[in-house]
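Biologist: Please take one part of this model and go through it closely. I would like the sheet and the helices packed on it, strand by strand.

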Amino acid sequence: MKNNVLKIHPDDSVLVALADLEPAEQIEWEGTSLTVAEAVPAKHKVALRDFAPGDPITMYGVLVGKAKQAIPVGGRLTTFNVQHATNSYDLQNSTYQWTPPVVDRWQNRTFMGYHRSDGRVGTANYWLVVPLVFCENRNIQVLEEALINDLGYSRRHTYQQQTQELMELVQAGRTVEEVLQADLGQTAQSFSNLDRKSLRLFPNVDGVKFLAHEGGCGGTRQDAQALCGLLAGYITHPNVAGATVLSLGCQNAQVSMLQEEIRKRSPQFDKPLFVLEQQTIGTEESLISLALRQTFAGLMQANAWVRQPAPLSKLTIGLECGGSDGFSGISANPAVGHASDLLVALGGTVILSEFPELCGVEQELCDRSVDAETGNRFRELMNTYAQRAKEAGSGFDMNPSPGNIRDGLITDAMKSAGASKKGGSSPVVAVLDYPELVTKPGLNLLCTPGNDVESTTAEVGSGATVVLFTTGLGTPTGNPIAPVVKISSNTALAKRMPDIIDINTGTVIDGDETIQQAGERLLDQIIQVASGDLEVAAVRHGQDDFIPWKRGVSL
């Protein structure tokens, strides 16, 4: 019979409830018996011993909090009796030894990707339309309206019939109650990637994407520089064939700044790039007409690209989580971590971000750094970020959301200890500050907020060609140019929200699969996604989330 509790690490002082526990229920664990003192919902934690105020609480083998009040053995840990706490950390003279997993099964595997002139390989082929400043967002919208439908890139029109039915009810004089109770036709239809491709003028171009944003002027010069760096990361990205850039002319984010950032990332940049400045060109009509002609010329060039075999070492995977729950750190995240280790062993690249959600596991990541310089940069970026948070009247301890807390993640350290499992166990080869480009194969740490859209936006800007996104509560997050693979931590979520979940690792909680088996399954599906053979939900829905990070505090 499957256990209804789990002790994650031998040194832990708590158990995780895998199912709802009732008061007075007896738990058998490691040859001892424990009586549940109060109702404990699944995903929450049970005290393995009596805690006095100030006593440390350990999960995943690290400090994740301290008792604020006395907690009896068998009691439930809550925000009322536990407070966030972490251990201090420093660089140590230790040499990290890593034993890579066996990867014979994938050694000769390839994926079908787009080989760019800089040696990188994309998993998709997009054209970008980019504003340098928010003043151009309306022109971006005009271009989108002019291009998307006729080129065959429109999203599914699934609810117009329901709107028509509701209009007919209103016109017929029906009451509010009758409208609310109306049984509308089920019009949502799924169109496969191949079905949509048949409608496209440029079948080898996966889409035209519009990166509207609220930056480029009015903030600090540092914000403008970071925005240009992020946009340059997207323009030079291997999933992108070229771009149309709209500039007003007088904004902080100047064209020269963008060109400088492009050269940093791609000194021999040779993609089609059209830059239009409204204050120089004049009327909107002149601007849009020229932009349309140039974009069509670029799409004709982009359509010449075709997929070709590439080794798995050419994959760059972003590791992300959002809407995490008390199961994320024991199913989805470690499964992704194993897939990460497999990919690193094959010569690939992975990116772990969300620095507020690495709080409490800093010592482990410092110890895993390949050299003192790498570990020291991680420490400096973490300390600087934490200090900025405090100066803004906040702190990493305020990172967990109400949903996180409701589903068992009651301190930031507890959340972080589970979130960091996405990074597996391989050495940290580089630490990057936003929005730097990833250049080294292996595990890279990227300084970003814990906000999942800002962080996903940043990972892709730094080079991720596929993003693995774990969730326990469910979130639709996607990205304009990189497929975001949504991975559920529990089977109930996968059944409740099948329209946004791509892969279920609740099988680990259910006892049907090991973490290693789930990780291997993930890698096989990553290859399908990277080859364009498996379309993920976020791409299917056109979930194009794009939020640049302003370096003010965003938790």
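Modeller: Start with Val245: its bridge partner in E14 is Val275. The model is predicted, so local features need pLDDT of at least 70 and side-chain atom pairs 80 or more, while totals for chains, interfaces and linings use all residues. Numbering runs from 1 along each chain as its sequence is written, and side-chain values use heavy atoms, without hydrogens or water.

Strand E13 covers residues 240–247 and pairs with E14 in the parallel sense. That pairing holds 5 bridges. Strands are DSSP runs of E, at least two residues, and helices runs of H or I, at least four, numbered from the N terminus. Pairing takes at least two DSSP bridges.

Now widen the view. The sheet is open and has 4 strands, in the order E12-E11-E13-E14, with parallel pairing. Its edges are strand E12 (207–210) and strand E14 (273–277), each of which pairs on one side only. From one strand to the next, the twist averages 15°.

Trp127 stands opposite Val208 of E12. Val208 and Phe210 point one way from E12, while Gly207 and Lys209 point the other way. Both pairs are buried (under 20% relative accessible area; over 50% is exposed, in between partly exposed; 1.4 Å probe, protein chains only).

Next, the helices. Helix H1, residues 137–151, lies across strand E11 (126–131), E12 and E13. H1 runs at about 165° to E12. Helix H8, residues 284–302, also packs on the sheet and touches E11, E12, E13 and E14. The direction of H8 makes about 175° with that of E14. Axes are lines fitted to C-alpha atoms, for helices over the stretch in contact, with N-to-C angles from 0 to 180 degrees.

How do H1 and H8 meet, and at what angle do they cross? Their axes come within 11 Å and cross at roughly 45°. From H1, the contact takes in Arg138, Asn139, Val142, Leu143, Ala146, Leu147 and Leu151. H8 brings Glu284, Leu287, Ile288, Ala291, Leu292, Thr295, Phe296 and Leu299. Contact means heavy atoms within 4.5 Å.
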